[in-house]
Amino acid sequence: MTMKELAERVLLPCPFCGSDGELFVRGFTDDRADAGNAYIGCDTCGVEQPYKRSPTEAVAAWNTRASQETTR
Ligand SMILES: [Zn+2]
């Protein structure tokens with residue numbers, strides 16, 4: 001299982017439409033300072049996070065937002 005698959009397992013549904021979020025990670029092969037930065041997006045309603053410094057941070061931010069939105 002890849003890191004991406006692992007991270008997506010713990011993703012909460014999209015806070016806006018309830019679909020599964022998808023993790024996007026900037027490639028390490030690019031030799032960029034921001035390689036490995038990641039964000040969660042939703043293909044269904046098009047919502048996207050700003051980039052976070054790591055997939056872990058992106059997932060944490062997404063899940064925080066999702067739980068806030070769903071407990072309203
Ligand atoms: Zn959505």
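**One residue and its surroundings**

Modeller: E8 counts as partly exposed because 17 other C-beta atoms lie within 10 Å. The cut-offs are these: a residue is buried with 20 or more other C-beta atoms within 10 Å of its own, exposed with 12 or fewer, and partly exposed in between, the C-beta atoms being placed from the backbone. The model is predicted: local features need a pLDDT of at least 70 and side-chain atom pairs count only at pLDDT 80 or more, while totals for chains, interfaces and linings use all residues. Residues are numbered from 1 along each chain as its sequence is written.

E8 sits in helix α1. Helices (H or I, at least four residues) and strands (E, at least two) are DSSP runs, numbered from the N terminus. Setting aside residues up to four places away in sequence, E8 touches E22 and L23; a contact is a pair whose C-beta atoms, placed from the backbone, lie within 7 Å. E57 is 49 residues from E8 in sequence, and their C-alpha atoms are 13 Å apart.

L23, one of the residues that E8 touches, belongs to the largest nonpolar core, whose 8 residues are A7, L23, A38, Y39, I40, A58, V59 and W62. Such a core is a set of buried Ala, Val, Leu, Ile, Met, Phe, Trp, Tyr and Cys residues joined through C-beta atoms within 7 Å. At least two of its residues come from β2 (38-41), and at least two from α2 (55-70). In soluble globular proteins, nonpolar side chains tend to be buried together. V59 contacts A7, V10, L11 and I40, leaving aside its neighbours within four places in sequence.

Next comes the loop between α1 (3-9) and β1 (22-25), where C14 is found. C14 counts as buried, since 22 C-beta neighbours lie inside 10 Å. Apart from residues up to four places away in sequence, C14 touches S19, G21, C42, T44, C45 and V47. C14 and I40 are 26 residues apart along the chain, with their C-alpha atoms separated by 9.5 Å.

Helix α2 holds R65. R65 counts as partly exposed, as 17 C-beta neighbours lie inside 10 Å.

Now the whole chain. The elements run α-β-β-α from the N terminus on. The radius of gyration (taken over C-alpha atoms) is 12 Å, close to the 11 Å that the globule rule gives for 72 residues, so the chain is as compact as a globular protein of that length; the rule is 2.2 Å times the number of residues to the power 0.38. Of the 72 residues, 18% count as buried. Among contacts with a separation of 6 or more, 35% join residues 24 or more positions apart.

Confidence is given as pLDDT, the predictor's score for each residue from 0 to 100. The chain averages 88, and 93% of the residues score at least 70. The mean is lowest in α1, at 81, and highest in β2, at 95.

Conventions. Two residues are in contact if their C-beta atoms, placed from the backbone, lie within 7 Å.
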